[in-house]
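Subject: Handover of a structure

Dear colleague,

Please find below the structure that I am handing over to you.

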Amino acid sequence: EGTSCGGKAEVFLEPVNKKYRLYIFGAGHVGRALAGIVNELDFDITIIDDREGIFSDWDDNVFDKITISFEEYSNIMQFDERIFITIITYDHKIDWEILSYCSEKPWHYLGMMGSRSKVKSMKISLAAKGVSEEIIERIDMPIGMEIQAETAFEIAVSIAANLITEKNILSKKLCKNVTV
């Protein structure tokens with residue numbers, strides 16, 4: 001007060017905690033590859049699978065690996081606008097249960113792997129359940145960028161590309177230019 005030089009300063013604020021929570025439902029080939037790729041990004045990664053022993057040959061300890069039923073875990077997981085969710089399980093029924101439950105919670109990114117016919121069916125089912133068209137359109141189905149992926153690793157790369165895009169969109173939204 002009273003000592004202003006009359007100038008302006010522009011300050012860029014960036015959140016100190018840059019980590020985002022990524023839930024990977026499904027620890028098969030694609031889920032495992034995805035966890036390895038996004039491990040280098042700003043995500044705290046939790047991989048959930050209901051198959052006993054699915055993590056027995058994973059030699060890294062950088063991920064939270066949880067063996068629990070998908071339904072049971074989705075009921076205890078925490079949701080907010082910094083959450084990223086990928087649904088890449090081995091069963092359409094399980095995918096539906098997770099998608100149906102998570103679609104009505106807060107999240108930044110929600111994506112599900114599937115064929116065009118599976119995606120169409122899921123969109124119809126979500127609409128019949130009363131999920132808004134706006135939410136249905138926000139869900140990334142089929143998950144991943146279109147890069148003509150064929151292998152599990154290539155599919156994981158396409159999903160990681162979407163996660164990077166969405167993470168950076170969210171980071172820019174959280175960071176603000178402030179005039180002092």
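Strand E3 (residues 43–49) and E4 pair in the parallel sense over four bridges; two strands count as paired if DSSP finds at least two bridges between them. Helices (H or I, at least four residues) and strands (E, at least two) are DSSP runs, numbered from the N terminus.

Please note that this is a predicted model, in which local features need pLDDT of at least 70 and side-chain atom pairs count only at pLDDT 80 or more, while totals for chains, interfaces and linings use all residues. Residues are numbered from 1 along each chain as its sequence is written, and side-chain values use heavy atoms, with hydrogens and water left out.

The sheet and its cover

The sheet is open and parallel, with five strands in the order E4-E3-E2-E5-E6. Strand E4 (64–67) and strand E6 (109–112) stand at the edges with a single partner strand each, so one side of each lacks a neighbour in the sheet. On average, neighbouring strands of this sheet are turned by 15 degrees against each other, direction ignored. Helix H6 packs on the sheet and touches strand E2 (20–25), E3, strand E5 (83–87) and E6; the direction of H6 makes about 165 degrees with that of E5. Contact here means heavy atoms within 4.5 Å, and axes are lines fitted to C-alpha atoms, for helices over the stretch in contact, with angles from 0 to 180 degrees between N-to-C directions.

In helix H1 (residues 29–38), Val30, Gly31, Ala33, Leu34, Ala35 and Val38 are buried (under 20% relative accessible area, with exposed meaning over 50% and partly exposed in between; 1.4 Å probe, protein chains only). Among the elements that cover these residues of H1 are E2, E3, E5 and H6.

Individual residues

Asparagine 162 lies in helix H6, which spans residues 152–174. Asparagine 162 is buried, at a relative accessible area of 12%. Not counting residues up to four places away in sequence, asparagine 162 touches Tyr109, Asp140, Gly144 and Met145. Phenylalanine 153 also has its place in H6, but counts as exposed at 51% relative accessibility.

Histidine 108 is located in the loop between helix H3 (92–102) and E6, and is buried with a relative accessible area of 11%. Its contacts, leaving aside neighbours within four places in sequence, are Asp80, Glu81, Ile83, Phe84, Arg138, Glu166, Ile169 and Leu170. The C-alpha atoms of histidine 108 and arginine 138 are separated by 9.2 Å, although the two residues are 30 residues apart along the chain.

Aspartate 95 is found in helix H3 and is buried, with a relative accessible area of 2%. Leaving aside neighbours within four places in sequence, aspartate 95 is in contact with Ile87, Thr89, Met112, Met113, Lys118 and Met122.

The chain as a whole

The protein chain has six helices and seven strands, which follow the pattern β-β-α-β-β-α-β-α-β-α-α-α-β along the sequence. Of its 180 residues, 38% count as buried. Among contacts in the protein chain with a separation of 6 or more, 63% are between residues 24 or more positions apart.

With kind regards
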